[in-house]
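This report goes through the side-chain contacts and strand pairing of one protein model. Please keep the sequence and coordinates open while reading.

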Amino acid sequence: MIGDAIGRLRHRLTIQQSVRAVDEGGGATLTWSDLADVWAEVTAQSGREIVSGDAPTARRFYRVLMRYRADVDPTMRLIWNERVFEILSVRDEDGTQHWLTCDCEERGP
């Protein structure tokens with residue numbers, strides 16, 4: 001499965017990390033900074049609709065496969081064609097540090 005993944009890496013994603021900036025009032029704002037652009041495979045896994053504040057909200061789950069990177073963790077997110085994927089988990093499935101699998105969630109209307 002993973003061995004033939006190179007030809008499937010056809011989606012260009014941006015890895016972003018959160019940056020916390022303290023303001024003058026003692027509070028903080030969270031912004032996002034681009035870490036890297038990578039080629040990946042994005043595969044839909046499942047989805048469901050929940051009601052939040054009397055409004056339906058879609059929650060969609062994806063699996064993202066990319067070349068291994070040691071600097072990716074669940075505090076980050078992925079951007080793909082203006083879509084935002086929150087990283088839920090990161091794993092090196094076969095332990096060889098060749099491929100990285102991220103389980104992600106996309107929330108939206």
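Glu105 and Arg59 form a salt bridge through their side chains, with 2.4 Å from N to O. The model is a predicted one.

Glu106 is buried at 7% relative accessibility, whereas Arg83 is partly exposed at 28%. Arg91 and Asp103 form a salt bridge with an N to O distance of 2.4 Å. Arg91 lies in strand β5 and Asp103 in strand β6, so this pair ties together parts 12 residues apart in sequence. Arg91 is partly exposed, with 31% relative accessibility, and Asp103 is partly exposed, with a relative accessible area of 22%. Elsewhere, salt bridges with shared partners join Arg8, Glu41 and Arg63 into one network. Over the whole structure, the search finds 8 salt bridges.

## Aromatic pairs

The structure contains 2 aromatic pairs. In one of them, Tyr62 and Phe85 are arranged edge-to-face, with 4.9 Å centre to centre and 85° between the planes. Tyr62 sits in strand β3 (residues 55-67) and Phe85 in strand β5 (residues 83-91), so the pair ties together parts that are 23 residues apart in sequence. Tyr62 is buried, with a relative accessible area of 11%, and Phe85 is buried at 0% relative accessibility.

The rings of Trp80 and Phe85 have centres 6.1 Å apart and planes at 35°, so this pair is tilted. The angle is described this way because planes under 30 degrees apart count as stacked and those over 60 as edge-to-face. Trp80 is buried as well, at 14% relative accessibility. Through these ring pairs, Tyr62, Trp80 and Phe85 are linked into a cluster.

Strand β4 (residues 77-80) is covered on both faces. Arg77 and Ile79 on one side, and Leu78 and Trp80 on the other, are all buried. In a regular strand, side chains alternate between the two faces of the sheet.

β4 pairs with strand β1 (residues 11-22) in the antiparallel sense over 3 bridges, and Thr14 stands opposite Ile79 of β4. β4 also pairs with β5 in the antiparallel sense, over 4 bridges, and there Ile79 stands opposite Val84 of β5. The hairpin of β4 and β5 has 2 residues between the strands, and in this hairpin Asn81 takes a positive phi near 50°.

## Nonpolar core

The largest nonpolar core comprises 17 residues, and the ones with the most contacts inside it are Leu13, Val64, Met66, Leu78 and Cys102. At least two residues of this core come from each of β1, β2 (28-52), β3, β4, β5 and β6 (99-108).

Which residues does Leu78 touch, leaving out those up to four places away in sequence? The contacts are Leu13, Thr14, Ile15, Val64, Met66, Arg83, Val84, Phe85, Ile87 and Cys104.

## Cysteines

How many disulfides does a search of the whole structure find? The count is 0. For Cys102, the closest cysteine sulfur is that of Cys104, 5.3 Å away, which is too far for a bond. A disulfide needs the two sulfur atoms within 2.5 Å. Cys104 is accordingly in no disulfide, its nearest cysteine sulfur being that of Cys102. Both residues are buried: Cys102 has a relative accessible area of 0%, and Cys104 has one of 1%.

Key. Residues numbered from 1 in each chain as written. Predicted model: local features only at pLDDT ≥ 70, side-chain atom pairs only at ≥ 80, totals over all residues. Heavy atoms only, no water. Phe/Tyr/Trp six-rings, centres within 6.5 Å; stacked < 30°, edge-to-face > 60°. Buried < 20%, exposed > 50% of the residue type's maximum accessible area, 1.4 Å probe, protein only. Pairing = 2+ DSSP bridges. Core = buried A, V, L, I, M, F, W, Y, C linked by side-chain atoms within 4.5 Å. Contact = heavy atoms within 4.5 Å. Salt bridge = Lys/Arg side-chain N within 4 Å of Asp/Glu carboxyl O.
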